[in-house]
Amino acid sequence: MDTTPAAPVDLTSSPVAKTPFELPQVLVRREGTMTRELLLHPGEHGLGMTHSSMAADTTTTATCGFCATGCGLRLHLKEGVAVGLTPETKYPVNLGMACPKGWEALRVLDSPDRATTPLLRGADGTHHPIGWDEAFQTFVDQVRGVQERHGKDSVAFLSTGQIPSEEMAFLGALARFGMGIKHCDGNTRQCMATAATAYKESFGFDAPPYTYDDYEQSDCLVFVGANPCIAHPIMWERVLRNQKRPEIIVIDPRRTETAMAASQHLQIRPKNDLALLYAITNYLIENDFVDHDFVSANTTGFEQLRETVASYDIDAVASQAGVSPVAIRRAAETIGKGAAVSLWWTMGVNQSYQGTRTAQAIINIALITGNIGRPGTGANSITGQCNAMGSRLWSNTTGLIGHHRFDDEADRRKVADALGMDLDCIPTEGSWKYDRIIEGVRRGEIKGLWIIATNPAHTWIDQSDVRELFGKLEFMAVQDMYHNTETAQHADLILPSAGWGEKEGTFINSERRIGLIKKVRHAPGQALADFHIFRGIAHYWGVAEQFAEWTDPEAVFRILQRVSRDQPCDITGIDGYRELDACGGVQWPWSQADAEKYGEPPQQRRLFSDGRFFHEDGKARLIVDDVVPMPEPPDSTFPITLLTGRGTVSQWHTQTRTRQSPVLRLLYPNEPYVEINPVDADELEIEHGQKVRVQSRRGQVVVTACVTATVRRGQAFIPMHYDTTNQLTLSHFDPHSGQPSYKDCAVRIIPQSN
């Protein structure tokens, strides 16, 4: 062995270039980011090991502001400002879990794309910064000017499911009772209107009956048009905690992540869900899997249901739907024999031209089998946006605030008294739905539009059409966290608003839990909470006295409690924000009588445990209808049915926020793609990763081909998050809910030369 010492290595020169070589500064940096801040220390407040930049003076808990799961996040505060977060271990929703979006909830507030000052479009067509005084005065002058020229009904607003209930209520009351704006709706029309309509008709009130504990108590879970593994991952984690080894049945055209984990997957052809559910219902009735005592005592319409579904033979439906009769019978048997069956649905049902009746077919199955009001049961709609449930209760748009009726004088008087306003200011009829408002722009009936915390230039069906219609408006104001959304680019006036973590209020999650959000950061620049923007508009409009009591979010929460009295959503028993914070949120209803009788509200509560529903006779309605064919079926010119939906767990809606996080952007494809079946790809001579052109009768987009067996032959899938997707979709709607049907349109796919 050669033991001669090796020659020392000269690190000051490069053996190749023969020039002085300096070590990169990062290798010798001793201070600053990525150095000592990585050294972990035992954290206080139960935070475990953490580095010095994340050291907290204290912590507080708030509800997450992304989806309607409504997780509790523990915010780490340093000198009163949030410097980090972790999942709250004791919050009854998530039990110490969080998805990637929750972990990044603070990061998206720091974006350089934040709107930090009001912006007004000038004569040169570009936006210029202005002060709030000019912004408020411009807003008032322009809206009043449109109303004076074209009538009060010529201005509308489009709202959101992503601001607190108190802000929604303020907006709806200010616009309708103070400014005389008649037509208004929210983007919850695009995601939850079907579920709300189905519940109202079937139960007598928009009332999701469940609690998240039901995921863990079911011995059979049925997911229809739902992919919680991706769309609601913490709910899926609750499923995985189920110790009963439940049967999991998925009804979905795609082999989704949830379907892959299921024990049974009925991979139906698109829009065969209603016929399939009727066939299952028929099988349950024919084989006497019916809780006759419950049906007799607690429902109406069973005979009509029996007669209607009798024509839906399993063999015939199986042939049409593209699944085997054996698989349908097995699923029906599993449901019929289950002791605790819960049925869950989301956008695959809601975003359909026959979505309301499909949701009610799910409700019918729960009702006739007696799977309602008990642990592990229910016909359970999974909500999308963080406060879509709050929008359904408090937005004061198509229905009078608090699920009252504009056309009912007693309801109007009750609301007027609760608000301390004159009865004369309460309209006697509701608003047009979202699609009719858009059509009103086309017809020249709507000339001014106020858009709050939503992005219809991206999300609205047949996107190119709505973008063109925005050009017909005389005035459009956009109120948003970010100045560069697709919709903000069309605005005449941009009002910069604070986001989650920069204001306070309440959200209502999918299980009716009212959760608290808190101000733990200062909004950037001159951005204001939407609440304070509404106060400013009320002042400049001249109705500040009408809203004198609306001083802060908690004051409005007290007003909403008065409005809720004696409603199914009665929350008069909640002792303000203090109790919401202490209890980990409170599920509605929680009335004053409940509080006096029981004291502290239980963390898990279901509706209908007594078999009483909200119709006047106390009975639920079993509702059926004819199955309607797909409006735009595939043909020889456009032979493929396009599906849309959630892409990955790290994407959210239009990516307005998630694209602001470098971490989240690493976790999903940044460019749009289309999933194509391998057989179709071979026939079209398309290779995985190749650019392809997807064309519909409305538009065309170039995307990357993802060749995968997750979709069947003759079908394709593009995630909804990309700004090009809705250039393809067909503008058609559920006739009962007015919700767009995003899940079906005919396309063709053409390979592009790379």
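Mentor: Start with one pair. Asp-315 and Arg-329 join their side chains in a salt bridge, with 3.4 Å from N to O. Asp-315 sits in helix H13, residues 314–321, and Arg-329 in helix H14, residues 325–337. The two residues are 14 apart, and the pair links distant parts of the chain. Keep in mind that this is a predicted model.

Arg-329 has a relative accessible area of 30% and is partly exposed.

Go on to Asp-581 and Lys-518. Their closest N and O atoms are 2.9 Å apart in a salt bridge. Asp-581 belongs to helix H24, residues 576–583. Lys-518 belongs to the loop between strand E20 (513–517) and helix H22 (530–541). The pair therefore ties together parts that lie 63 residues apart in sequence. Asp-581 is partly exposed, at 38% relative accessibility. Lys-518 is at 15% and counts as buried, because buried means under 20%.

Next comes Asp-680 with Arg-713. Their side chains meet in a salt bridge, at 3.9 Å from N to O. The cut-off is 4 Å. Find Asp-680 in helix H27, residues 678–684. Find Arg-713 in the loop between strand E26 (700–707) and strand E27 (715–719). Parts 33 residues apart in sequence are thus tied together by this pair. Asp-680 is buried, with a relative accessible area of 7%.

Salt bridges can also join up. Glu-439, Arg-442, Arg-443 and Asp-465 are linked in a network of them. In total, the count comes to 37 salt bridges.

Val-663, Leu-666 and Leu-667 make a nonpolar surface patch of about 310 Å². Leu-667 lies in the loop between helix H26 (662–666) and strand E24 (673–676). Leu-667 counts as partly exposed, at 46% relative accessibility.

Methods. Residues numbered from 1 in each chain as written. Predicted model: local features only at pLDDT ≥ 70, side-chain atom pairs only at ≥ 80, totals over all residues. Heavy atoms only, no water. Patch = residues over 30% accessible without salt bridge, like charges linked within 9 Å, V, L, I, M, F, W, Y side chains within 5 Å. Areas by Shrake-Rupley, 256 points an atom, 1.4 Å probe, with all protein chains shown as cover. Helix = DSSP H or I, 4+ residues; strand = E, 2+ residues; numbered from the N terminus. Buried < 20%, exposed > 50% of the residue type's maximum accessible area, 1.4 Å probe, protein only.
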